[in-house]
Amino acid sequence: MNSNNKFYENRVWSDDCLVGIDIIDNQHKNFFRMLDELVSLNSMKDKENEIIQIINKFEQYAAYHFSTEEGFMDKNNYPDIERHKNLHKLFAKKIMFFKNEYINGNHEILEEMMDYARKWLLYHILYMDVNAIFDRSLI
Amino acid sequence: MEKKILIISRDIFFHKLLKKLMEKNIKNCELFIYKSKREIDRISQDSKIDFVVLDGEFNSLSAFEVLRILRVEKRIIAPIWFFSDIDRKDYIYKAYAIGASKIIKKTFDPIEIVNDIANILNK
């Protein structure tokens with residue numbers, strides 16, 4: 001992977017994002033790795049098909065990750081689970097919207113999608129996951 | 001000299017998040033957290049404040065009313081960053097008109113925001 005990628009390797013990820021549960025931390029990191037792949041591909045010409053594949057992978061991975069998190073919340077009787085599930089659904093819906101726009105030829109939207117995904121994931125991890133769900137003091 | 005930062009929000013996770021990141025990333029900062037109208041009333045007029053983070057509404061006060069109190073009654077001249085879920089244009093214009101220095105739409109990148117605040121305070 002290109003070391004100049006701005007999202008995961010150089011800037012975004014830090015120990016602040018660790019929830020302390022390996023499976024969740026690794027899944028979170030994988031999101032940023034996929035964003036890095038999109039950054040790299042977006043800087044190259046004629047990579048539309050590869051970009052769509054990564055967005056598909058990102059979508060599928062989000063569904064997988066959210067079900068892991070929701071399983072954890074269920075198991076621990078997390079009180080705010082419905083709101084959290086709803087946030088997951090909204091994110092999935094928004095990514096699907098970006099993907100469809102991209103497929104329909106609006107390639108400029110990719111930057112917006114990456115920015116949205118980065119902010120959403122970081123806020124979600126730092127605000128919801130680290131603070132609330134996986135805060136051992138609250139479980 | 002320590003920078004005095006007010007975090008005004010009734011959301012415990014919002015405080016926790018910003019407090020943790022600010023203590024780590026902003027040198028010499030002193031944080032004051034206000035979670036209710038009663039606590040906001042205790043902010044002393046004309047006290048030296050360097051930065052205000054204002055998040056959303058309180059039970060008995062709208063976010064605009066809190067903003068007005070800070071600017072008019074407490075005479076705070078420091079930057080006030082206004083965090084909101086709402087991004088309607090009329091809402092944003094109103095927040096600027098009452099005295100917000102910047103509007104931050106949730107969801108945001110918390111690390112980026114805290115770094116931006118650090119840059120302002122270090123100028």
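This is a predicted model: local features need pLDDT of at least 70, side-chain atom pairs count only at pLDDT 80 or more; totals for chains, interfaces and linings use all residues.
A salt bridge is taken here as a side-chain nitrogen of Lys or Arg lying within 4 Å of a carboxyl oxygen of Asp or Glu. B:Glu23 is partly exposed at 47% relative accessibility, and B:Lys19 is partly exposed at 33%.

Confidence in chain B is given by a mean pLDDT of 91, with 100% of its residues at 70 or more. Among the elements of this chain, helix α1 (residues 12-25) has the lowest mean pLDDT, 88, whereas strand β3 (residues 51-55) has the highest, 96.

Over all chains, the count comes to 16 salt bridges. Three of these pairs are listed below.

| Pair | Closest N to O distance |
|---|---|
| A:Lys99 and A:Glu59 | 2.8 Å |

The pair A:Lys99 and A:Glu59 joins helix α4 (residues 81-103) to helix α3 (residues 48-75) of chain A, so it ties together parts that are 40 residues apart in sequence. A:Lys99 is buried, at 14% relative accessible area, and A:Glu59 is buried at 19%.

A:Lys119 and A:Asp115 both lie in helix α5 (residues 109-133) of chain A, 4 residues apart, about one turn of the helix. A:Lys119 is partly exposed at 24%, as is A:Asp115 at 29%. These two residues also take part in a network of salt bridges that links them with A:Arg118, B:Asp109 and B:Glu112.

Note on methods. Residues are numbered from 1 along each chain as its sequence is written. Chains are lettered from A and ligands numbered from 1 in the order in which they are written. Side-chain values use heavy atoms; hydrogens and water are left out. pLDDT is the predictor's confidence in each residue, from 0 to 100. Helices (H or I, at least four residues) and strands (E, at least two) are DSSP runs, numbered from the N terminus. Buried means under 20% relative accessible area, exposed over 50%, partly exposed in between (1.4 Å probe, protein chains only).
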